[in-house]
Each structure stands twice: as structure tokens, then as C-alpha cells.
Amino acid sequence: MAKLIDGRVIAENVYVELRREIAELKSKGIAPGLAVVLVGDNPASRTYVRSKDKMCRALGLHSVKLELPVSTTQDELLARVQRLNRDPSIHGILVQSPAPKHIDEEAIVRALDPGKDVDGFHRENVAKLVIGDASGFVPCTPLGIQRLLIETKIDIDGAHVVIVGRSMIVGKPLALLLMQKNKNANATVTVVHSRSRDLEKITRSADILVAAIGQATFVKGAHVRDGATVIDVGINRLEDPASERGYRLVGDVAFDEVARKAAAITPVPGGVGPMTIAMLMSNTVKAARQSLPRSGALPATS
Ligand code: NDP
């Protein structure tokens with residue numbers, strides 16, 4: 001049976017480090033601040049925004065939660081973002097996706113100050129990831145996956161990583177991150193998607209298999225090599241009248257059958273999810289650190 005990679009425990013270790021760093025920043029007169037903007041009333045988004053706000057407060061970060069009505073126009077949202085760009089108490093800004101259909105999300109991301117783009121979606125940060133410039137912000141989920149692997153002492157250097165999914169939030173930035181030329185990366189990366197041929201043959205060649213598809217239990221035992229590490233990014237809500245909430249969360253991996261073949265596996269929930277939020281906090285602290293004048297700058301930790 002595979003070893004369980006516990007994202008909750010690893011996220012707690014990240015918070016221990018962050019608390020130390022936040023205290024150090026506060027001693028220099030700077031309280032890292034995160035603004036999360038939600039437009040509309042998507043219930044899943046509301047839950048995410050609340051948990052981000054709660055985590056900020058638990059860590060002693062300055063947290064601003066803007067819940068705007070679905071009728072908010074593109075111009076109104078842009079004006080809000082620009083105000084946050086100018087606000088010195090805010091170091092990180094996140095506009096929760098998905099926004100309502102009338103909002104051009106790409107234009108909103110372009111309007112963000114790249115130095116406050118803690119989601120890492122602004123073109124300037126995407127370019128920095130491509131180049132390997134560590135001053136940029138890397139999207140939180142890929143960053144969290146890398147951290148899970150490092151903390152679990154799974155060797156990324158030289159490993160064949162197969163990523164199923166090529167989204168701008170998970171698949172593409174993860175591929176770029178794990179192929180960087182450094183000891184916490186150096187992977188040979190293959191990305192597969194809905195148009196890939198021989199998908200099963202490719203996934204079976206993975207030392208580390210990452211599923212970021214958005215389809216419940218897509219990855220079966222037949223997709224996995226004996227002894228592989230399997231990272232399940234998927235969060236799928238399956239109706240479940242027996243559960244209190246009326247649904248249960250399931251990953252993109254058929255957990256029981258894959259766990260019998262893999263050497264290590266992340267659960268859903270409790271795997272990648274807690275790391276995503278931990279990396280958002282970490283990126284916010286990094287943004288605050290990078291906002292310090294050079295003379296007072298703290299040594300880089302990542
Ligand atoms: P997207 O829908 O943006 O991308 C899904 C990707 O999977 C696409 O590249 C798509 O291929 C590929 N895909 C879909 N069907 C197949 C198939 N049958 N065979 C091979 N590839 C396929 O999703 P996201 O990347 O945003 O999210 C993926 C999952 O991860 C979701 O469940 C989401 O909820 C979850 N998620 C979890 C996070 C966390 O913190 N745990 C954070 C972000 C996302 P193509 O490009 O060809 O269409």
C-alpha cells in the first residue's frame with residue numbers, strides 16, 4: 001500500500017516558517033497584506049475566499065476580503081484593482097476565478113501590479129517562470145506540488161514527471177517549474193492532454209504522475225507504474241445524499257486501486273488543496289518581503 005502524502009501536515013510546517021518570517025517583517029514595520037476579490041456568488045468560490053481570509057487572520061496577516069455583487073462592471077472591477085495596486089498596506093491581490101461571464105478575466109490580470117500578483121498569472125510572472133527568474137510569482141498549486149515532493153523527499157532531479165492536463169493554472173506552470181535547472185527540479189517532463197495518443201502508455205512511464213484533469217477517478221491502476229508517486233490535483237464534487245453537505249469531494253485518481261500500485265499518493269481532500277492555500281500565504285509574505293527597500297531586505301528563502 002502506498003505511503004500517504006499528507007498535505008495538511010506539510011502545510012502546517014510551512015505555516016511554522018511563515019509565522020517566523022511574518023514576525024520578522026512586523027519587527028521592520030511591515031504587516032504583509034492580502035486582498036481577495038470575489039465577484040458574484042459562486043458557492044465554491046465563496047468557500048475558497050472565506051478559507052483564504054481565515055488563514056490570513058490565523059497567521060496574523062492583514063486581510064481584506066472584497067465581496068462584490070454579480071452586477072459589478074468590468075470598469076468598476078478595474079478601478080478596485082487599481083486602488084489595491086496603489087494601497088501600500090496590500091502586498092498581494094487575488095481576483096477569485098471564475099468571474100461572471102461579462103468580466104474579461106485576462107484584462108483584469110493584466111491590470112494587476114505584477115509585484116502583487118500572488119497567483120502568478122500576470123504575463124510578467126509567467127515570463128519570469130519561463131526564464132527561471134526567482135523574483136517572480138509561481139502559481140500556488142504547482143508551487144505546492146513541488147513543495148509536497150520536496151518535503152516527502154521524493155527525488156525530482158532526473159525523474160520522469162508526467163502531467164495530465166495543460167491548464168495555465170496547473171499543468172503548464174508545473175511543467176515549467178519542474179524542468180527548471182535547479183536541484184529541486186531538473187525533471188524530464190511530459191505533458192499529456194485530451195488530444196494525446198497512447199496516454200496510458202505515457203502515464204505508465206512516469207516516476208511521478210500528476211493528475212490535473214477535472215474528471216473524477218480518471219486515473220486508474222492501469223495508468224500507473226508500480227512504485228510511482230501519484231499527485232492528485234483534482235477536486236470533483238460528487239452528489240452524495242448520505243453526506244451532510246449533499247456531496248463529497250473526489251480527486252482525478254481512483255484512489256484505492258492506484259494506492260495499491262503506487263509508492264506514494266496524495267489524498268483528496270487533504271493533499272494538494274491545503275498546499276495551494278499555504279503557497280498563497282507564502283507568496284504574499286514573499287511579496288511583502290520584496291516590497292522592502294533593498295537596504296532593509298531580508299535574505300531570500302526561496
Ligand atoms: P482545466 O479544465 O482548465 O484543464 C483540464 C485539463 O485536463 C486540460 O488540459 C484538458 O485537456 C485535460 N483533460 C480533460 N479531459 C482529458 C482526458 N480525457 N484525457 C486527457 N486529458 C484531459 O482544469 P484545471 O487545470 O483548472 O483543474 C484541473 C482539476 O484540478 C480540477 O478538478 C480542479 O478543480 C482541480 N484544481 C485543484 C486545485 C487544488 O488546489 N487542489 C487548484 C486548481 C485546480 P485539453 O487542454 O486538451 O482540453
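This report describes a helix-helix contact and several salt bridges in a predicted model.

## Packing of helix 6 against helix 7

Helix 6 (residues 140-151) and helix 7 (residues 171-178) have axes that come within 8 Å and cross at roughly 45°, which makes helix 6 oblique to helix 7. The crossing of these two helices is right-handed.

On the side of helix 6, the contact is formed by Pro142, Leu143, Ile145 and Gln146, which meet Pro173, Leu174, Leu177 and Leu178 of helix 7. The residues of this contact comprise seven nonpolar and one polar, with no charged residue among them.

Across the whole structure, a search finds 12 salt bridges. One of the pairs is Glu17 with Arg147, whose closest N and O atoms are 2.9 Å apart. Because Glu17 lies in helix 1 (residues 7-27) and Arg147 in helix 6, the pair ties together parts that are 130 residues apart in sequence. Glu17 is partly exposed, with a relative accessible area of 37%, whereas Arg147 counts as buried at 17% relative accessibility.

## Further charged pairs

Arg123 and Glu106 also meet through their side chains in a salt bridge, at 3.1 Å from N to O. This pair links helix 5 (residues 123-131), which holds Arg123, to helix 4 (residues 105-111), which holds Glu106, the two residues being 17 apart. Arg123 counts as exposed at 53% relative accessibility, while Glu106 is partly exposed at 36%.

A salt bridge likewise joins the side chains of Asp240 and Arg248, with an N to O distance of 3.6 Å; here Asp240 counts as buried at 17% relative accessibility, and Arg248 is partly exposed at 41%.

Terms used. Residues numbered from 1 in each chain as written. Predicted model: local features only at pLDDT ≥ 70, side-chain atom pairs only at ≥ 80, totals over all residues. Heavy atoms only, no water. Axes fitted to C-alpha atoms, helices over the stretch in contact; angles between N-to-C directions. Helix = DSSP H or I, 4+ residues; strand = E, 2+ residues; numbered from the N terminus. Parallel < 35°, antiparallel > 145°, perpendicular 65-115°, else oblique. Left-handed = near helix turned anticlockwise from the far one by under 90°. Contact = heavy atoms within 4.5 Å. Nonpolar A, V, L, I, M, F, W, Y, C, P; charged D, E, K, R; others polar. Salt bridge = Lys/Arg side-chain N within 4 Å of Asp/Glu carboxyl O. Buried < 20%, exposed > 50% of the residue type's maximum accessible area, 1.4 Å probe, protein only.
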